[in-house]
Amino acid sequence: MRLLKGNQEFRSMSGKPKLIYFNGRGRMETVRWLLAAAGVEFEEIFLDTREQYVKLIKDGSLMFQQVPLVEIDGMKMVQTRAILSYIAGKYNLYGKDLKERAFIDMYVEGITDLMHMIMMFPFSPPEVKEKNLALLMERATQRYFPVFEKAFKQHGQDFLVGSRVSWADIQLMEAILAVEEKIPAVLSGFPQLQAFKTRMSNMPAIKKFLQPGSPRKPPPDEHYVANVLKVLTEEWSPH
């Protein structure tokens with residue numbers, strides 16, 4: 001993993017996927033989870049300056065002038081959902097047919113809504129953090145986690161869709177751990193999710209990703225928030 005300054009080029013010397021984002025979770029963390037679960041090694045380049053970000057825009061690397069950016073299979077992919085869909089399809093994490101994909105999509109969209117709340121939490125003003133934490137607790141325990149608890153109970157399988165691990169399982173695992181960081185006892189009323197968490201934690205690829213020193217990023221702190229705002233909010237003109 002590298003952090004490049006100024007006008008240094010974003011070049012990869014291997015065929016590994018290359019992830020270009022901030023040195024933190026944000027919208028890239030699920031990409032890291034999915035690649036890790038698939039057993040795919042990847043490189044990372046961390047954005048630390050506005051100059052790096054502007055260069056990516058001027059070079060035409062960012063279709064909509066936004067990160068994350070993933071270089072994979074000769075493509076420069078943007079838009080988180082598109083990146084994740086491609087990785088899930090490429091590494092057999094997207095179900096066996098259209099019907100399974102439809103359920104995976106529904107579950108993923110719900111988890112993404114919950115994850116958006118978590119992702120934005122560090123950027124909220126101090127005076128509303130307590131209110132936002134209460135809202136996160138309410139949404140997690142009354143809207144989102146009950147859906148997955150019921151799904152496991154009715155499906156009777158180890159995974160949300162079909163009989164093998166999918167993108168939905170991986171993203172749910174990420175969400176559970178992220179919510180637990182804020183609300184440690186959040187799964188107390190969800191025995192199916194507790195069992196799911198244990199199963200997923202014991203999968204070799206996931207177990208490796210959860211170990212210290214892996215590409216998994218820590219919870220965002222003030223330094224991460226300041227860096228993101230520095231890179232994204234400075235004035236820039238395309239002319």
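Biologist: In which sense do strands β2 and β3 pair, and over how many bridges?

Modeller: First, a note on the source: this is a predicted model, in which local features need pLDDT of at least 70, side-chain atom pairs count only at pLDDT 80 or more, and totals for chains, interfaces and linings use all residues. Residues are numbered from 1 along each chain as its sequence is written, and side-chain values use heavy atoms, with hydrogens and water left out. As for the strands, β2 (residues 18-21) and β3 pair in the parallel sense over four bridges. Two strands pair if DSSP finds at least two bridges between them. Helices (H or I, at least four residues) and strands (E, at least two) are DSSP runs, numbered from the N terminus.

Biologist: Which residues in β3 are the bridge partners of Ile20 and Tyr21?

Modeller: Ile20 has Ile45 as its partner, and Tyr21 has Phe46.

Biologist: Are the residues of β2 buried or exposed?

Modeller: Lys18 and Ile20 point one way, Leu19 and Tyr21 the other, and all are buried. Buried means under 20% relative accessible area, exposed over 50%, and partly exposed in between (1.4 Å probe, protein chains only). In β3 (residues 43-46), Glu43 and Ile45 point one way and Glu44 and Phe46 the other, and all are buried.

Biologist: What stands opposite Lys18 in β4?

Modeller: Glu71 does. Strand β4 (residues 69-72) pairs with β2 in the antiparallel sense over three bridges.

Biologist: Changing topic, what volume has the largest pocket?

Modeller: The largest pocket has a volume of about 950 Å³. Of the 43 residues that line it, Tyr21, Gly26, Arg27, His116 and Met119 are the closest to its centre. On a 1 Å grid over the protein atoms alone, a pocket is an open set of points where a 1.4 Å probe fits, with protein on both sides within 12 Å along at least five of seven lines; lining residues have an atom within 4 Å of a point. Grid points are joined across faces, edges and corners, and a volume is the space filled by probe spheres set on the points.

Biologist: Which helix gives the largest share of that lining?

Modeller: Helix α4 does, with nine residues. By type, the lining of the largest pocket divides into 23 nonpolar, ten polar and ten charged residues. Here Ala, Val, Leu, Ile, Met, Phe, Trp, Tyr, Cys and Pro count as nonpolar, Asp, Glu, Lys and Arg as charged, and the others, Gly among them, as polar.

Biologist: And what lies nearest the centre of the second largest pocket?

Modeller: Val40, Glu41, Phe42, Lys208 and Pro215 do, out of 13 lining residues. The second largest pocket holds about 310 Å³ of space.

Biologist: Lastly, why does Gln142 count as exposed?

Modeller: Gln142 counts as exposed because its relative accessibility is 58%.
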